Amino acid sequence: MTKTIIPFGPQHPVLPEPVHLKLTLEDEVITEAIPAIGFVHRGLEKLAEIRDFHQMIYVVERICGICSMIHAMCYCQGIEALMGIEAPPRARFLRVIWSELHRMHSHLLWMGLFADSFGFESLFMQIWKIREKILDIDEATTGNRIIISVNVIGGMRKDLSPEQVNWILSELKDVEKEIKRLETTIMNDYTVKKRTVGKGVLTRKQAYDLGLAGPTLRASGIAQDMRMLGYAAFNEINFEPVVETDGDCYARCRVRFREVLQSIDLIRQAIAKLPDGEVAVKVKGRPDGEIISRVEQPRGEVFYYIKANGKKNLDRLRVRTPTFANVPALLAMLPGMWLSDVPVIVLSIDPCISCTER
Amino acid sequence: MFTMTPTIMRNFVGKRATRRYPYVVRPPFENARGEIYNDILTCTFCGVCAVKCPSQCITVDKKAATWSCNPYACVYCGLCAENCSSGSLQQKRDYRRPVQEKEVIFLRGEIKKEAKE
Amino acid sequence: MIEQVLSISPDNVVGETAKMKVEGYRFVTLSCVEIDETTVDILYHFDRDLQMKHLRLTVPKDRPVPSISPVYFAAFLVENEIQDLFNIRFQGLAIDFDRTLYLEEEVKKTPFCKYVVIKTAPLGEVPGENAS
C-alpha cells in the first residue's frame, strides 16, 4: 500500500483550461483530491471601477468565451431591472434565440471534448463539424462567431430579417438530422458506457448539499433550472427542465445531449412566436442600488450581484459562475475512483476555468 | 464483417469534409465584423469613437487633428463605427491579415495631418 | 432592490446558516463589498425552489469572521477568494490556502480595497490588467 501524490494539471491534454488537482493515491485508487485554481485570473471584476456601465457589457462578455452572450444578457437584465427599463418583446425573443444557439454550441463543444477524453478522436471531429454550422449561423446574423456582442442595455443591437429566419430554420433541420444520426455512437456504444457508467456518482442529497448547479445537479434527480424563473420570454414558451436520476458521468452526458435537442425545439418555438416591433429602447440616466440577476448558462446557474451608486462606474460587480459551484463536487466524487477515470470525471462537470477565475 | 463497407465506399467517392484552405477561401458573410479604417478626409475628430470604445484603443486629438488606433487592443466590436457622427469610420468585412513584425505599437499612426477648422 | 435580507452579527453567523441548512436552503455564494475605509459588507446568498434569501454581515476589516465551511462545505472556495482579494480572515476554514489561491506569495497588497489599509504600497493594482 504505497501512498503517492500526483499532480493532475494544470497542463493536461484533456483539459480545455488549466486547473490543478493534487491527487493522493494508494496503489491507483484515489483517496483525496485538493483543487488549486488561479492560473487565468485576469481581475475582470476590478475593471468595473474604471469602465463605465455601458462598456462593461463588452468586458463581461469576455469572462468566458463559450457562454459569452449569456453573461452579457444577465448583466443587461440586471441593469435594466435596476433602472426600471423594460426591453421590448421582440428583443426578449431574440435573446432566447441567440442564447439557445449558444447553449447548443457549448454542449456540442463539451461532447466533443468528452469523446476526446477517452480517446475517441474521430467522434470529437464529427461533433465539431456539426458545431461549425451553428457558428456559421452566428457569424451570418451577428458578425462574429463566438463573442457576438449583440446585447445592449435596453434591447439588442442587431435584428433578424425574415430571410435569415428561414435560413436558420433550414440549417437547424440539418443539424438535428446529424445529431440524431450520431446518437447511437454517443449514447449506446458499449465502450462509451463502460468508461462512464458508474463513475463519479453523486447522490441526490450530496448534490444538493454541495450547492451544485446546472446539468451536474439535474443528472442527480433535482429539477432546478433558472429558465424556470421566466426571464426573457421563457415564460411564454413551453419549457421543462431535463432531469436524469443516476448521478454518474453517463447521466450527465445524457442530460446535455437531451438539452441540445430541447434547444432546437425552443428556438423553433421562439421563431414561431417572434413579434414585430423595435429591438431597443433609449436609455438615459445612471443606475443606483443593488440587484441580483440569475440566468441559466450552459453549465448552470450564473449569479450576478450588481451594486451601483448613481455614478458612471459601478460600485461592485460580483459574478459567481457555475463552475465555481461545481468544483467542490470534485472533492466528493474523486475518492474511490481509479487514476485513469480522473480525466473523464473532471470533464463531466464541464469545467470552464476562465469563468471560475474571471 | 461488412457493416463498415457502405460508409467506406461513401467516404471514398464523396466530397471532402474540409475546405482546401488556402487555395479555396470562403468569402466572408455580409455582416461580418472585420478591420476598422477611418477616412481621414471626412473625419471631424469629434472623439465619440474614443469615448465609446470598451478597450480604449482609439486616441483622438482634436487640436492636432490626429486619429490613432491600436489594432492589437481592438476587439472588433464595431461600436465606434456604429456611433461615428460623420460616417468616416467604417468596418470592413475581412479580418486583419497577420503580419510578421509587431515592432510599432501603433500600426496606423497619423494617417494625414489636416489643418481643419 | 433585493428583498429578504436579514442582518446578522459575527456571533450568530454559523447559527443562522445552520438554520438555513435545516430549512432546506441551497448555498449559492458569498459576496463581499467594501463600504468605507474600515468596514466591509459580506452577503450570504441562499436559494430554495427559486426563491432567494440573503444574510448581511457588516464587519470591520481587521476582525476575523467565523467560517461556514463546517456547515456548507462548498463555501471554502469562495471564502478563500475573499481572503485573497479583501484580506478578511476566516476562522475554521476546511481547506485554507492562506492567500495563495489567486495571488502569489510575495503580493502583499489587497487588490480590491480602494482605500489604503495595509502597511505596504498604496492602492493595489491587479496583476494582469492590460486594458490600454
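Modeller: Happy to! One definition to start: two residues are in contact if their C-beta atoms, placed from the backbone, lie within 7 Å. Keep in mind that this is a predicted model, where local features need pLDDT of at least 70, side-chain atom pairs count only at pLDDT 80 or more, and totals for chains, interfaces and linings use all residues. Residues are numbered from 1 along each chain as its sequence is written, while chains are lettered from A and ligands numbered from 1 in the order in which they are written.

Colleague: Thanks. Leaving aside neighbours within four places in sequence, what is Tyr75(A) in contact with?

Modeller: Met56(A), Ile57(A), Val60(A) and Tyr304(A). Tyr75(A) is also among the residues with the most contacts inside the largest nonpolar core, along with Met56(A), Tyr304(A), Leu330(A) and Leu334(A). A nonpolar core here is a set of buried Ala, Val, Leu, Ile, Met, Phe, Trp, Tyr and Cys residues joined through C-beta atoms within 7 Å; buried means 20 or more other C-beta atoms within 10 Å of the residue's own.

Colleague: How many residues has that core, and which helix gives the largest share?

Modeller: The core has 153 residues. Helix H3 (residues 89–117) of chain A gives the largest share, 14 residues. Helices are DSSP runs of H or I with at least four residues, strands are E runs of at least two, and both are numbered from the N terminus.

Colleague: At what angle do H3(A) and H9(A) pack?

Modeller: About 155°, with the axes 9 Å apart; H9(A) covers residues 249–272. Axes are lines fitted to C-alpha atoms over the stretch in contact, and angles run from 0 to 180 degrees between N-to-C directions. H3(A) is therefore roughly antiparallel to H9(A) (an angle over 145 degrees). The residues of their contact divide into 16 nonpolar, two polar and four charged. Ala, Val, Leu, Ile, Met, Phe, Trp, Tyr, Cys and Pro count as nonpolar, Asp, Glu, Lys and Arg as charged, and the others, Gly among them, as polar.

Colleague: Switching to chain C: how many helices and strands are there?

Modeller: Chain C has two helices and six strands, in the order β-α-β-β-β-β-α-β from the N terminus. Of its 132 residues, 36% count as buried.

Colleague: And how many residues make the contact between chains C and A?

Modeller: Chain C gives 23 residues and chain A gives 28. On the chain C side, strand E2 (residues 26–34) has the largest share, six residues. That side divides into 18 nonpolar, three polar and two charged residues.

Definitions and conventions: A residue is buried if 20 or more other C-beta atoms lie within 10 Å of its own, exposed if 12 or fewer, and partly exposed in between; C-beta atoms are placed from the backbone. Angles under 35 degrees count as roughly parallel, over 145 as roughly antiparallel, 65 to 115 as roughly perpendicular and the rest as oblique.
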